[in-house]
Structures are given as C-alpha cells and as structure tokens.
Amino acid sequence: MYRVDLHAHTRFFHGRRSLGDRYDPLGVRLLAAMAERRNLDGVATTNHDYYTAFDPSPDVATLPGIEITTDRGHVLVVGPDPPAATKPGALSPEEAVALAHDRDCAAIVAHPFRNSTVRELEDIPFDAIEVNGKHPRSQPLVEELAKQRGLPLTGGSDAHYPFEVGRAYTVVEADRLTPESIVDAIRDGRVSARVARSGPDRLLRRAYRAIHERKQVIDAIERPTPGVGKPPGEEKETD
C-alpha cells in the first residue's frame, strides 16, 4: 500500500513561464519535503499544461504528470510519459484522454464540480475521477458520479503551496511505487481516495470555499454549470 498525492503544483502562480521555470526546482523540493512530513510515499507534479522532469527526491517519489486545460475543464494525466506541453483550451477532453493513453498514462477527471463540464461527457474512456482536496464537501457527488461511470476514485490536494500537500491523497495497492504501477492500479481499480480531516485542513478548506464561491466557480446543486474558467487566480473580472 502506498499513499500518493496525485495532484500538486510546483508553483503558486500562473503565467510568466520563464520565472516559473526558475522556481520549479525549489517548488518540487518543497512539495517532496511536505509529502514526507505528512507521511506520504509520493506526490505527482501536475502543473498546468506543461511537464518538466525533476531530479528524484531521496525521501518520496516524485511522479510525472500534467494538468491539461481542455475546452471543457481540467484533465489530470499521470504516468511514465506525460506530454511536455499542451496549449490551454486547444484539446477536447476526448483528445486529452487519447493523448494520455497514447503515452501510457492514466487520465483523471480533475475537480469535476469546480470550473468544469467534463463530468457531463459520458462516452469518454476516463480512468478515474478525482476527489479534490480543496472541496471535499463535493465528495458524495463525486462518489455518485464515479458509481454511475463505473470508475475508481483518486485523491489529490491540488496544492499550489507546499503546505497544502496531502489534504487529499490516493491509497494505491501495488507491490512497488512507479509511474507504471500507478497507472496499472488506477485502471484495475486498486486505488481509493482519502481526505485529511485535521483542524488546519478544515480551516484551509473553508477559506478556499469562500474564495471560490465568491468567484462563482463551484458548481452547486442549485446552480447551473458554471462553464469553464482559468485556474484559480487567473480569472478575469467581469462587469
């Protein structure tokens, strides 16, 4: 059994790629350090629309991944050979899944009830659906969606700051922890989602929920689908 955060970012900002590239090596070391502190065995680096290979951590596994911004929302791609870069909004969810599978990676619906309509698509062969650490209150809805689709659940913190790592994570049944074994476990349904329930984790989620409700990017039952937006922090103000 391994505990792996399958959704984390090496930077807390978007844009200015050249500046971010200089920060990323430090960011991944901080992610790994926090993952070790929270007794995780691994963390996937799933930056928005690019993948960079990082030096392996001696303490926890840093797994390859990318978060693709499709024209309907975000798709996590985790595995041995994620694409190096994708253009935001250029791919459909179906194209993103095909790209993931062509590269021997798993394709996961990211935060299906925040800034996404990907969950409405029924005929795309996703491998799993994510319980997102920022909004675990949607977990019953995510569980029902996964049941309807016959898909397993994974967990990821969606960390943009190192202290967020491990708010949600995935328990993986595997003999060893490699990108290939993660993909196999997801496809075989040998994974399950967990959410951290400590006091600081609960306070942090309340803050995120207030922020995202103000931005109107959470799809609540009583509201229509919000449509697709940019990652948190990049939304443009509207009149």
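**Notebook: ring pairs and salt bridges**

I counted three aromatic pairs in this predicted model.

**Entry 1, aromatic pairs.** I looked up Phe12 and Tyr23 and found an edge-to-face pair, with 5.6 Å from centre to centre and 80 degrees between the planes. Phe12 belongs to the loop between strand E1 (2-8) and helix H1 (17-37), whereas Tyr23 belongs to helix H1, so this pair ties together parts that are eleven residues apart in sequence. I noted Phe12 as partly exposed, because its relative accessibility is 39%.

I then turned to Tyr161 and Phe163. Their ring centres are 5.7 Å apart and their planes stand at 25 degrees, so I recorded the pair as stacked; planes under 30 degrees apart count as such. Tyr161 has a relative accessibility of 34% and is therefore partly exposed. Ring pairs join Phe12, Tyr23, Tyr161 and Phe163 into a cluster.

I checked Arg3 against Tyr169. The charged end of Arg3 sits over the Tyr169 ring, 4.5 Å from the ring centre.

My search of the whole structure gave eight salt bridges. One of them joins Arg72 and Glu120, whose closest N and O atoms are 3.3 Å apart. I placed Arg72 in the loop between strand E3 (61-69) and strand E4 (74-78), and Glu120 in the loop between strand E5 (106-109) and strand E6 (128-132); the pair therefore ties together parts that are 48 residues apart in sequence. I recorded Arg72 as partly exposed at 25% relative accessibility. Glu120 is also partly exposed, with a relative accessible area of 40%.

I next examined Asp81 and Arg103, whose side chains meet in a salt bridge at 3.2 Å, N to O. This pair links distant parts of the chain, 22 residues apart: Asp81 is in the loop between E4 and helix H2 (93-102), and Arg103 is in the loop between H2 and E5. I noted Asp81 as partly exposed at 36% relative accessibility, and Arg103 as partly exposed at 27%.

For Asp188 and Arg190, I found the side chains meeting in a salt bridge at 3.0 Å, N to O. Asp188 has a relative accessible area of 53% and is therefore exposed, since the exposed class begins over 50%. Arg190, at 27% relative accessibility, counts as partly exposed.

Finally, I asked which residues are linked in a network of salt bridges. I recorded Arg114, Lys134 and Asp158 as linked in this way.

Definitions and conventions
Residues are numbered from 1 along each chain as its sequence is written. This is a predicted model: local features need pLDDT of at least 70, side-chain atom pairs count only at pLDDT 80 or more; totals for chains, interfaces and linings use all residues. Side-chain values use heavy atoms; hydrogens and water are left out. Rings of Phe, Tyr and Trp (its six-membered ring) pair if their centres lie within 6.5 Å; planes under 30 degrees apart count as stacked, over 60 as edge-to-face and the rest as tilted. Helices (H or I, at least four residues) and strands (E, at least two) are DSSP runs, numbered from the N terminus. Buried means under 20% relative accessible area, exposed over 50%, partly exposed in between (1.4 Å probe, protein chains only). A charge sits over a ring if NZ of Lys or CZ of Arg is within 6 Å of the ring centre and within 35 degrees of the ring normal. A salt bridge is a side-chain nitrogen of Lys or Arg within 4 Å of a carboxyl oxygen of Asp or Glu.
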